[in-house]
Structures are given as structure tokens and as C-alpha cells.
Amino acid sequence: MLGSTGMTIHELLTKRFATKAFDSTKKVSSEDLTYILEAARLSCSSANTQPWKIIVVTNPELRAKIREAGYGQPQITEASHLLVVATMNDPMVRVQQTVEIIAATSGQESADKYKGMVTSLIPQAPEVARAWLARQIYLALQAMMLAGAERGVDSCPMEGFSVEKVTELLGLTDCVATTMLPIGYAAQPGFPKTRVALKDMVEERA
């Protein structure tokens, strides 16, 4: 098991890079995998909707097919694990699960209040609701990348794949594949960070 690096959040962000080449001989431990997945579970989301499902793909044949749907990108098959993060079709699935937890821990009144608040926030138009939910996925994605970096696990966030094909390959019916995160150990170091200066990115309105 790799222990915590003891790095600050800024150091982790500086260290992390989108890994394009993984060492296929090195595997992420089950403990580190759980740590990374737990970061997604603890991630924030608008109104605590938690609208994601994470599919951990280790089957080599399935990953080869996903690689075809991902335009041949090698990290899909070379990484230790492939995490596919999908957006739930029905936002009320996770909401109802949360309602039941709140009812058991804080009482039914609190649960009903939460459910009413969330229901009022969910966009009525289905296409708007889907876009809103999909944006929450990237909060969980960032949490997993940073948790991996803390454990010395490299990753590569990916949108370059056929959403329809990957969703079909995984047999998903209650959610849609939105992004992928191969995780493992880089075969070569990343390039130095190239970021614009803070003064060019931040403006103040006093």
C-alpha cells in the first residue's frame, strides 16, 4: 500500500497530471482503490443530489471494446483500473436514498424538508435537468483525482469517447456514461505545469 504523501492541496494539484502512458505491470491496491472511490462518495454536489454511478472496469475484453469506443486511446487498457463515471437518468433515485438516511438519522420532518427543497430545485425540462446533473459529475471526478494523487496513484480524466457506445457496452440502463478515469502508475513523468498567472485569471470587484 502507498501511504499518504503528506502534501498540501496545492502540492497535490501541482504534482497531478493527465497521464497518457501507464505502466501496465503495476496495479493499484484494493485499499487505494477504495480510498479513491470514497473521495467521490464524500464529494459535494448541488443540493446533495449525488447523481453519479461509478463502474470499475477490470475485464480485459470489455476494456478493449471500450478502447475502440474511445478512439484507441491506450490508457483505457494500460491503466490498472478504468473508472467510468455515469450520470443517473433519474435524479430522484439518489435523492430518495438520501431522504431515507436523513429520516433514519434526523427524523422524518427533516427528510421531508430536504426532499421538498431538492424537488423544487431540479429543472423541469428533462434536457436541462440532464445537463445540470452531468455538471455535478466533475466534482466527484476532481475529488478522485486528488485522492489518487495523495496516494501516489496517477490518473487521466477523459471525455474522448462515444457516450452511446460505452453506455451500451456497460449495459447501463439507469445512467449514461459521462466521463472516464483510468488510474494506475505513470510509465513516464509528466510535463511541468503550464498555467497562466493568477493576476490574469482573477478580477476583483470592490
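**Packing of α5 and α6**

Helix α5 (residues 92-106) and helix α6 (residues 108-121) have axes that come within 7 Å and cross at roughly 155°. Angles over 145 degrees count as roughly antiparallel, so α5 is roughly antiparallel to α6. The model is predicted, and the points below should be read accordingly.

- The crossing of these two helices, α5 and α6, is right-handed.
- On the α5 side, the contact is made by M92, V95, Q96, T98, V99, I102, A103 and S106.
- On the α6 side, the residues that make the contact are Q108, S110, A111, Y114, K115, V118 and T119.
- Sorted by class, the contact of α5 with α6 comprises eight nonpolar residues, six polar residues and one charged residue.

**The sheet and the helix across it**

- Four strands form an open sheet in the order β1-β2-β4-β3, and their pairing is antiparallel.
- The edges of the sheet are formed by β1 (52-57) and β3 (154-155), each of which pairs on one side only.
- Strand β2 (residues 81-88) and strand β4 (residues 175-184) run antiparallel and are joined by eight bridges.
- Within the sheet, A86 has A177 of β4 as its bridge partner.

- Helix α7 spans residues 126-150 and has 25 residues.
- From the first C-alpha of α7 to its last, the helix reaches 37 Å, which is close to the 36 Å expected at 1.5 Å a residue.
- G152 follows α7 and has a positive phi, near 80°.

- A47 is located in the loop between α2 and β1.
- The phi of A47 is positive, at about 55°, although A47 is not a glycine.
- Q50 is also found in the loop between α2 and β1.
- Q50 is likewise a residue other than glycine with a positive phi, in this case near 45°.

Terms used. Residues numbered from 1 in each chain as written. Predicted model: local features only at pLDDT ≥ 70, side-chain atom pairs only at ≥ 80, totals over all residues. Heavy atoms only, no water. Axes fitted to C-alpha atoms, helices over the stretch in contact; angles between N-to-C directions. Parallel < 35°, antiparallel > 145°, perpendicular 65-115°, else oblique. Left-handed = near helix turned anticlockwise from the far one by under 90°. Contact = heavy atoms within 4.5 Å. Nonpolar A, V, L, I, M, F, W, Y, C, P; charged D, E, K, R; others polar. Pairing = 2+ DSSP bridges. Expected span 1.5 Å × (residues − 1).
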